[in-house]
Amino acid sequence: TCCASACRHCPFAHERVDPKYKKLRTWAPTLFKRSIDSERPVDIVFWSGGKDSWLAWQASEREGRQCVWLTTCDPIDHRVPIQSIPIEDIIRQADRAGRSLVVTPIDPERPWVESVTAGLDVIAKRCDVAHLVFGDLWLEDVRAKRDEAFGAWASAHGAEVVFPLWEKPTAALLSELFAANVQVHISASYVDDVSTGEVFDEA
C-alpha cells in the first residue's frame, strides 16, 4: 500500500498522502546534480531528449560553456510531453553525458510558463545564467513564443534566449549528428513505413 511519503514514482497514486503535501512534493522541480561550478555562468539547455536538443547542446559545448539541462515532464505518466520519452531515459542521458539535469513537472492548474520558470529558478539560485538555449530550427511562431515566454526572465537574470541551430541547413545538422555516431530512435511517426522505436539513420 501507499507509504504516505509522497514518493515521486508512487504506484498507488498517493492514496494515503495529505493533498497539500502531495501537491508540494509531486509538482516540485528536481535537480539531478552531476557537477556545477557555481563560479562560472551556465547555459540552460531546454532538453527534450531528442536530436535537436542534442545538437543545440553541442553548439554550446563548442563555445566552451558550462551547460545544465532542463526538461519538462508529466508527473502522472513520467514522460516528456510531445516526445513521450520516459523520464528515466532522460536521467540516463544526463548521467551518460555527465550533465546536471532539472526535471520540471508541468502543473495543469497553473500556466505552463510558471511551471518551467520554477525549474529555471532552481538553477539560478546556484549560479549565474548566461543563455537559455533552444534547439528550434525554423518555426517562426514557436521561436516567438519562446521569446515571449522567457524573455522577461532572461532579462531579469542578465541572460539571453538563444537559438544556435536557427535556419541552419538540415543536411548539415544531420551530417553532424551521424558523424558523432549518436544513436537516435524514432519517438513518433505518422507514416506506415516508419515505426516508433526504429533507429533514425541516413536511410
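Trainee: Which residues does H131 touch, not counting residues up to four places away in sequence?

Mentor: The model is a predicted one. H131 lies in strand 5, residues 129-133, and is buried, with a relative accessible area of 11%. Not counting residues up to four places away in sequence, H131 touches V42, D43, I44, R65, A159, E160 and V162.

Trainee: Which side chain does a polar contact join to that of H131, and at what distance?

Mentor: D43 is among the residues that H131 touches. The side chains of H131 and D43 are joined by a polar contact. The partner is therefore D43, as a pair of N or O atoms must lie within 3.5 Å and the distance here is 2.8 Å.

Trainee: What is the volume of the largest pocket, and which residues are the closest to its centre?

Mentor: The largest pocket has a volume of about 1,800 Å³. Its lining of 45 residues divides into 25 nonpolar, 13 polar and 7 charged. Helix 2 (51-62), strand 3 (66-73), helix 3 (87-97) and helix 5 (140-156) each give two or more residues to this lining. The closest to the centre are S48, G49, G50, K51 and Q83.

Technical notes
Residues are numbered from 1 along each chain as its sequence is written. This is a predicted model: local features need pLDDT of at least 70, side-chain atom pairs count only at pLDDT 80 or more; totals for chains, interfaces and linings use all residues. Side-chain values use heavy atoms; hydrogens and water are left out. On a 1 Å grid over the protein atoms alone, a cavity is a set of points where a 1.4 Å probe fits but cannot get out, and a pocket is an open set with protein on both sides within 12 Å along at least five of seven lines; lining residues have an atom within 4 Å of a point. Grid points are joined across faces, edges and corners, and a volume is the space filled by probe spheres set on the points. Helices (H or I, at least four residues) and strands (E, at least two) are DSSP runs, numbered from the N terminus. Ala, Val, Leu, Ile, Met, Phe, Trp, Tyr, Cys and Pro count as nonpolar, Asp, Glu, Lys and Arg as charged, and the others, Gly among them, as polar. Buried means under 20% relative accessible area, exposed over 50%, partly exposed in between (1.4 Å probe, protein chains only). A polar contact is a pair of N or O atoms within 3.5 Å; within protein, one must be able to donate a hydrogen and the other to accept it, and residues adjacent in sequence count only if both atoms are side-chain atoms. Contact means heavy atoms within 4.5 Å.
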